[in-house]
Amino acid sequence: MATSDRLSPAAVKLLQEPQIAHVATVMADGSPQVTPVWVDVEDDGSVVMINTPEGNLKTNNVAQNPEIAISVVDKNNAYRLVTLRGTVIERTTDGADAHIDKLAQKYLGQPKYPWHRPGSTRTIWRIKPHHVIERGV
Amino acid sequence: MTSRPTLTEAQRAFLAEPRFAVLATINADGSPQLTTMWYELQGDEIMMNTKAGRLKDRNMRRDARVALCFEDGYNYLTIAGTVRLIEDQAVAQADIKRLALRYHPREKAEQLARDQFERERRVSLRLTIERISEH
């Protein structure tokens, strides 16, 4: 099957909508782990971003193995979807608080992320896709 | 050997709805792969079904450990476990038809079975639950 290393404009549009993404990481024992996340994307489709607190299971997993998968399925049409495999090329706290506020605006229509926990450090993951599959976008 | 976790009644009710499950498997190179699945909770197992030869099928033949995520807005349930593959076509075809009826009206489900599934070699999956996480 032909795959791409970046998202098409139509796939970028799907990720720009407030659609929940699922991210899969690999546990230390080699088994998979999957959680739902908010997702962001560069306009040119070259990089996908998520924002997560430090210290959780998926963060520990990517510290060992940066290969992940992300799936975004239209909540109103299960046959419109993007699924990709990619590498976490950067994890940074720079701008991460502003970024989670941007995602709160996208997903909640609120200018500030309402569930920030004192002592929790947000991190942006930048993910470079290397196998992108699009259906019905 | 540790005892297996059991689903609460609320978790069973959540899974009884015809949601889409997100299934994670492990590729040959050790990286993860994701797909969206129909499923049905059957007793303490989760039944799924796929077309033979798909990437996830090849992955689960090599490594039967999988993770599933079910989300509904800001509630979600993740389940990790091991799948058993059933290749008996009588079972596999009955299961995919049962799933089609769970997710589609009868007429559409029967059409899918007749025009697509019956022409395919199908594989049924039975997931034994080993970890449950709810948020």
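**Exercise 1.** What covers the buried residues of α2(B)?

*Solution.* The model is predicted: local features need pLDDT of at least 70, side-chain atom pairs count only at pLDDT 80 or more, and totals for chains, interfaces and linings use all residues. Residues are numbered from 1 along each chain as its sequence is written, chains are lettered from A in the order in which they are written, and side-chain values use heavy atoms, without hydrogens and water.

Step 1. Helices (H or I, at least four residues) and strands (E, at least two) are DSSP runs, numbered from the N terminus. Helix α2 of chain B spans residues 55-62, and B:K56, B:D57, B:N59 and B:M60 are buried in it (under 20% relative accessible area, 1.4 Å probe, protein chains only).

Step 2. These residues lie on the same side of α2(B) because their arc around the axis is only 160° (taken from the directions from the helix axis to the C-beta atoms).

Step 3. The cover includes β1, β2, β4 (45-51), β5, β6 and β7 (122-134) of chain B.

**Exercise 2.** Describe the interface of chain B and chain A.

*Solution.* Step 1. In contact (heavy atoms within 4.5 Å) are 26 residues of chain B and 30 residues of chain A.

Step 2. The rule finds two salt bridges across the interface (a side-chain nitrogen of Lys or Arg within 4 Å of a carboxyl oxygen of Asp or Glu). A:D29 and B:R65 form a salt bridge, with their closest N and O atoms 3.8 Å apart.

Step 3. On the side of chain B that touches chain A, β1 (21-26), β2 (32-37), β5 (65-72) and β6 (75-86) each give two or more residues. The most come from β5(B), with six residues.

Notes:
Buried means under 20% relative accessible area, exposed over 50%, partly exposed in between (1.4 Å probe, protein chains only).
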